Amino acid sequence: MAGVIKTVGVIGTGTIGSSWTGLFLSKGLKVLVSDPAPGAEKLLTEHLERFWPVLEEIGLAPGASLKNCQFVGASMEKHLGEVDFIQENAPEKPEIKNKLIGEIDAGARPEVIIASSSSGIPSSQFISQCKKHPERVLIGHPFNPPHLMPLVEVVPHPGTSKEATDKAIEIYASLGKAPVLVKKEIPGHAANRLQAALMQEAYSLVGNDVLSAKDLDACITTSLGPRWALVGPYMSLVSGGGGGRGGFKHMMHHIGPAAQGWLKDMAERNLPFDEDLITKMDKSVQEELNEFDPTVVEKQRDEALVKLVKLKHEKGASMLV
Ligand SMILES: NC(=O)c1ccc[n+]([C@@H]2O[C@H](COP(=O)([O-])OP(=O)(O)OC[C@H]3O[C@@H](n4cnc5c(N)ncnc54)[C@H](O)[C@@H]3O)[C@@H](O)[C@H]2O)c1
């Protein structure tokens with residue numbers, strides 16, 4: 001599939017579009033980029049120069065070069081016939097995406113997939129101006145930054161063809177990403193919903209003064225974080241239940257009922273998400289910041305993340321991507 005895609009169109013080159021551009025370039029593809037903001041080309045160049053050493057460390061495909069990037073200006077319109085795949089990364093506003101996707105659909109070849117990075121707007125809400133082939137529009141939602149994070153959530157709208165969905169999954173997989181199929185449109189897709197569920201309890205634990213923000217962060221970075229980077233929650237339950245085909249059900253019967261009790265208690269202790277809660281949590285976060293410099297933390301995180309992504313890339317499916 002990688003051979004089928006030679007030129008990618010990246011629409012919008014902010015945080016996500018520039019990172020996607022880096023990823024596509026590192027895979028040896030030609031990338032055409034458009035963005036109407038003044039100074040967008042300069043900003044893109046700066047982002048790419050920052051990403052490139054990291055992408056080199058992860059490993060470049062033959063022919064990969066920053067020279068394969070062409071900024072085409074405010075609009076992709078004149079170049080739509082040249083692209084084999086579109087990744088749209090314009091602001092998260094339905095009216096902008098609706099107009100853009102209509103224009104892209106009018107100019108791109110019929111077989112070209114139009115994937116939107118949208119974090120929350122289902123694509124069924126921005127295809128009303130697609131007069132030609134709305135069945136090739138879908139969500140290809142990355143986790144930030146897409147040049148490092150493997151996940152892409154592929155979410156079809158009710159009218160997306162199975163062929164387009166399958167093709168998008170194949171394309172992302174051929175680019176070294178870890179695509180998952182979110183079968184139905186649902187607010188926040190899957191990964192952000194999981195994050196929101198966990199954060200709800202994190203807000204409650206710190207807001208109810210059960211533990212500090214620093215200790216809550218440590219609970220994740222020293223337990224669930226490292227485990228889930230390697231083995232997902234369902235597979236962890238299989239192991240926790242003794243492994244094998246019976247492991248999951250055993251764990252459900254063993255720990256499941258107790259966890260249902262915790263969930264009831266958690267629902268009762270949930271605090272209203274208001275300024276009082278935010279102020280209380282911020283006090284605890286500020287204490288954490290007395291000990292940790294966020295700039296240093298981010299640098300260390302990114303260095304370690306590159307090693308982890310590289311390891312997962314080398315081990316492939318045996319590390320459950
Ligand atoms: N930031 C994240 O963590 C994150 C993660 C995953 C997905 N996303 C999604 O990616 C998309 C882009 O988000 P972002 O964080 O990169 O936003 P951003 O504000 O950093 O970038 C948006 C870019 O779109 C450009 N733009 C504005 N109007 C445009 C138009 N008509 N055509 C083309 N480009 C236009 C802007 O100039 C800007 O450079 C959103 O749909 C967002 O939900 C964001």
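Domain bounds in this report come from an automatic or database domain assignment. The model is predicted, and its protein chain is divided into domain 1 (7-181) and domain 2 (192-319).

## Domains and their contact

The C-alpha centres of domain 1 and domain 2 lie 30 Å apart. To the contact, domain 1 contributes nine residues and domain 2 contributes six residues. Between them the two domains bury about 860 Å², and 70% of this area is on carbon and sulfur atoms. On the domain 1 side, the residues that lose the most area to domain 2 are Glu 57, Ile 58 and Leu 148, which together account for 53% of what that side buries.

UniProt, in an unreviewed entry, places two domain features on the chain. The feature "domain: 3-hydroxyacyl-CoA dehydrogenase NAD binding" is placed by UniProt at residues 7-184. Over residues 7-184 the chain is 33% helix and 22% strand, with the end C-alpha atoms 29 Å apart. The feature "domain: 3-hydroxyacyl-CoA dehydrogenase C-terminal" is placed by UniProt at residues 188-268. Over residues 188-268 the chain is 80% helix and 0% strand, and 24 Å separates the end C-alpha atoms.

## Helix α2

Helix α2 covers residues 40-58, which is 19 residues. From its first C-alpha to its last, α2 reaches 26 Å, close to the 27 Å expected at 1.5 Å a residue. The helix has a kink of about 35° at Trp 52, shortly before the proline Pro 53.

The buried residues of α2 are Ala 40, Leu 44, His 47, Leu 48, Phe 51, Trp 52, Leu 55 and Ile 58. An α-helix has 3.6 residues a turn, so residues three or four places apart point the same way. In α2, the buried set includes Leu 44, Leu 48, Phe 51 and Leu 55. The partners against which the buried residues of α2 pack are α1 (15-26), β2 (30-34), β3 (69-73) and α10 (294-315). Just after α2, Gly 59 takes a positive phi of about 125°.

## Selected residues and their surroundings

| Residue | Relative accessible area | State |
|---|---|---|
| Val 8 | 0% | buried |
| Thr 165 | 5% | buried |
| His 189 | 3% | buried |
| Asp 209 | 61% | exposed |
| Phe 273 | 57% | exposed |

Val 8 is placed in strand β1 (residues 7-11). Val 8 is classed as buried because its relative accessible area of 0% is under the 20% limit. Apart from neighbours within four places in sequence, Val 8 is in contact with Phe 24, Leu 29, Lys 30, Val 31, Leu 32, Val 83 and Phe 85. Val 8 and Glu 41 are 33 residues apart in sequence, and their C-alpha atoms are 17 Å apart in space.

Thr 165 is located in helix α4 (residues 162-174). When residues up to four places away in sequence are not counted, Thr 165 touches Leu 138, Val 154, Pro 156, Thr 160 and Leu 181.

Phe 273 belongs to the loop between α8 (247-269) and α9 (275-291). Phe 273 is classed as exposed because its relative accessible area of 57% is over the 50% limit. Leaving aside neighbours within four places in sequence, Phe 273 is in contact with Tyr 203 and Ile 278.

## Backbone features in loops

The peptide bond from Asn 144 to Pro 145 is cis, with omega near -5°. Pro 145 is situated in the loop between β6 (137-142) and β7 (151-156).

Two residues other than glycine have a positive phi. For His 189, phi is near 50°, and this residue is found in the loop between β8 (178-181) and α5 (191-207). For Asp 209, phi is near 60°, and its position is in the loop between α5 and α6 (213-230). His 189 is buried, whereas Asp 209 is exposed.

Technical notes
Residues are numbered from 1 along each chain as its sequence is written. This is a predicted model: local features need pLDDT of at least 70, side-chain atom pairs count only at pLDDT 80 or more; totals for chains, interfaces and linings use all residues. Side-chain values use heavy atoms; hydrogens and water are left out. UniProt positions are given in the numbering used here, feature names are shortened, and annotations may be inferred rather than shown by experiment. Helices (H or I, at least four residues) and strands (E, at least two) are DSSP runs, numbered from the N terminus. The expected span of a helix is 1.5 Å times one less than its number of residues. The bend at a residue is the angle between axes fitted to the seven residues ending there and the seven starting there. Buried means under 20% relative accessible area, exposed over 50%, partly exposed in between (1.4 Å probe, protein chains only). Contact means heavy atoms within 4.5 Å. Buried area is the accessible area (1.4 Å probe) that two parts lose on being put together, summed over both.
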